[in-house]
Amino acid sequence: MTWIPEAASNLASKVDGLLLVITFISIFFFVLISAVLIYFAVKYRRRSDDEETPYITGNQTLEIIWTVIPSILLILLFVYGFVVYKDMRTPPKDAVDITVTGKQWLWTFEYYNGKKTLNELYVRQNRPVRMVMRADDVIHSFFVPAFRVKQDLMPGRYTQLWFTPTKIGTFDIFCAEYCGTGHSKMLGKVIVLSPEAYDIWEKGVAVDGGEAVASLPPAELGEKLYKGKSCNACHSVDGSVVIGPSFKGLYEREGELEDGASYTADENYIMQSILEPQEQIVKGFQPVMPSFKGILSDAEITAIIAYIKTLK
Ligand code: CUA
């Protein structure tokens, strides 16, 4: 079927099955009722000005039929829906936990082995995953159309969902709850790796969308990270001010901080701003940037700085 997203999880076929059954039944009754309506309107139309409308008090048989049949159908649909819902809400015992945090406007993932990734969720084909989710600020919603899963994330409360990815590939993650200016840019990717590729990834080889990136020149890697790690949600590269200062002409810029001190945007200033963003807020901006400590490696920070240097 091409009119719905690719089905890439164990839950997808169940959701699609339910959707198809409900859609088919709805179409069937829509056509049936519309046809009968049109037929009766023509057949029993008023033929002359003095024609009287017949007086009909009721038809018990008919009333029983049109009450009982829809009731049975609706109960069956409810049971079918409930069975699928229960399946989707009950993670299997052997599922591995991955913690998700939603934050304006990025996703962080923390794995059972202590690994952390940003906006890219790495999972192993055919291994069930339970996502334990929480928001840092406002309500977000984790939505993977290809897996047919969607669940809100809230501050102060854990929510969960689970799935078993069945197809190797890269699939979109959307935030499906309006969460502020950067909502439409709160995008991520689920990368489903084969068991062998997953083992390699677990051992810490740098991969980006399944491909190794270690060999890229720093400025190019920096540009990839700028998009991949959501820097672009808040920092423009064309001089326009979004949430934070633009990266254009940032390198070696001088200015004033919120606390009155002055700054020069050299390598150390940029590194500090990435690791401890609350420490040096540029005058006129809000302290909203999360720390990227543990998320970006030293080499990646160096690459981002190299990229910023190219933005004159
Ligand atoms: Cu997060 Cu919309």
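Modeller: Let's start with Lys248, which touches Ser236, Val237, Asp238, Gly239, Arg253, Leu311 and Lys312, leaving aside residues up to four places away in sequence. Contact here means heavy atoms within 4.5 Å. This is a predicted model, in which local features need pLDDT of at least 70 and side-chain atom pairs count only at pLDDT 80 or more, while totals for chains, interfaces and linings use all residues. Residues are numbered from 1 along each chain as its sequence is written, and side-chain values use heavy atoms, with hydrogens and water left out.

Lys248 sits in the loop between helix H4 (218-228) and strand E13 (254-256). Helices (H or I, at least four residues) and strands (E, at least two) are DSSP runs, numbered from the N terminus. Lys248 counts as partly exposed because its relative accessibility is 38%; buried means under 20% relative accessible area, exposed over 50%, and partly exposed in between (1.4 Å probe, protein chains only). To get a sense of scale, compare Lys248 with Pro128: they are 120 residues apart in sequence and 43 Å apart in space, C-alpha to C-alpha.

The loop between H4 and E13 also holds Ser230. With a relative accessible area of 6%, Ser230 is buried. Its contacts, again not counting residues up to four places away in sequence, are Trp105, Leu106, Asn119, Lys185 and Leu225.

H4 packs against helix H6 (residues 298-310) at an angle of about 95°, with the axes 7 Å apart. Axes are lines fitted to C-alpha atoms, for helices over the stretch in contact, and angles run from 0 to 180 degrees between N-to-C directions. H4 is therefore roughly perpendicular to H6, on a scale where angles under 35 degrees count as roughly parallel, over 145 as roughly antiparallel, 65 to 115 as roughly perpendicular and the rest as oblique. From H4 come Pro218, Ala219, Leu221, Gly222, Glu223, Leu225 and Tyr226, and they meet Glu300, Ala303, Ile304, Ala306, Tyr307 and Thr310 in H6. That contact has 9 nonpolar, 2 polar and 2 charged residues. In this count Ala, Val, Leu, Ile, Met, Phe, Trp, Tyr, Cys and Pro are nonpolar, Asp, Glu, Lys and Arg are charged, and the others, Gly among them, are polar.

H6 has another partner, helix H5 (residues 267-275), at an angle of about 125° with the axes 10 Å apart. H5 and H6 are therefore oblique to each other. Glu267, Ile270, Met271, Ile274 and Leu275 of H5 make this contact with Ile301, Ile304, Ile305, Ile308 and Lys309 of H6. By class, the residues are 8 nonpolar, no polar and 2 charged.

E2 belongs to an open, mixed sheet of 5 strands in the order E3-E2-E1-E5-E8. Two strands pair if DSSP finds at least two bridges between them.
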